[in-house]
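This briefing covers how two protein chains meet in one complex. Please look over the sequence and the structure before reading on.

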Amino acid sequence: MVSTTHFLVLGAVLFIIGVIGVIVRRNMITMFMCIELMLNAVNLTLLAFARSFDQVDGQIFVFFVMTVAAAEAAIGLALIVLLFRRTGQVDIDKADTMKW
Amino acid sequence: MEQLVFYLFGSVAVVAALLVVLQKNAVYSALALIVCFASIAVLFFQLDAFFIGAIQIIVYAGAIMVLFLFVVMLVDPESETFSANRHGHLVFLALPLSALLGLVLLWVISSYGESETSPVRTVESSKGTVDFLAQTLFSDYLLPFEVTSILILVAVLGAMVLTKRTD
């Protein structure tokens, strides 16, 4: 039986990889994928604790996180398409119209 | 055996996650992310979350990633601007920040590990089955569930309104 700590460390590693991706990459789609990766790392942590405490609430939380992630993906990708239609690229550094 | 499955699919997930970050082409990033989600789904099964693992594959690796691939194909995947000389400072920003975050997380995890050695398992676990999950979801969490349906409705409307052509 794999201990909870193993899953927690794996979740932390995946989350940190997602954070690095969001900071380093400038392609908006790839940054968005890294955010999804971070959400999944948190899901893994929640499920590890759900098994550790032998409760089902953690799994319900993961269910809601997945639903919100689906809604977020729909809206975010619509925004990316909108940005591409307006400017012709998805580089986040070029989308600086509101930057003073 | 369980250790082997954990280390196998855990390392596959980490390598695929690294590929997501390092690939220049967004299509390859999306494909690597699908691999990552699938191996995370195996770990969900290992955590007795059978229903969550199933919808991880169906919703995440299936629906959401197909949506991602559609958008990647729709916008030009060649418009990638990952140039080390222009964004070299970002790497130097990212590495200390992520090392700091890693240290904090390690500290939290190690302080948790002292109080808990092995998970408590009373009987043969049935908590991840659809039956058990649905009973909790539709009794204790009924209101959040209904609110979530409104959220999805708003998201669908928002996506339609945003991408509608006005001309």
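How many salt bridges does the rule find across the interface of chain A and chain B? The rule finds zero, a salt bridge being a side-chain nitrogen of Lys or Arg within 4 Å of a carboxyl oxygen of Asp or Glu. This is a predicted model, in which local features need pLDDT of at least 70, side-chain atom pairs count only at pLDDT 80 or more, and totals for chains, interfaces and linings use all residues. Residues are numbered from 1 along each chain as its sequence is written, chains are lettered from A and ligands numbered from 1 in the order in which they are written, and side-chain values use heavy atoms, with hydrogens and water left out.

**Confidence**
- The predictor assigns the complex an ipTM of 0.91 and a pTM of 0.88.
- Chain B has an average pLDDT (the predictor's confidence in each residue, from 0 to 100) of 83, and 83% of its residues score at least 70.

**Extent of the interface**
- Chain A brings 71 residues to the contact and chain B brings 83 residues, where contact means heavy atoms within 4.5 Å.
- About 7,000 Å² is buried between chain A and chain B, and carbon and sulfur atoms give 77% of that area; buried area is the accessible area (1.4 Å probe) that two parts lose on being put together, summed over both.
- Arg25(A), Met33(A) and Met66(A) supply 9% of the area that chain A buries against chain B, more than any other three residues.
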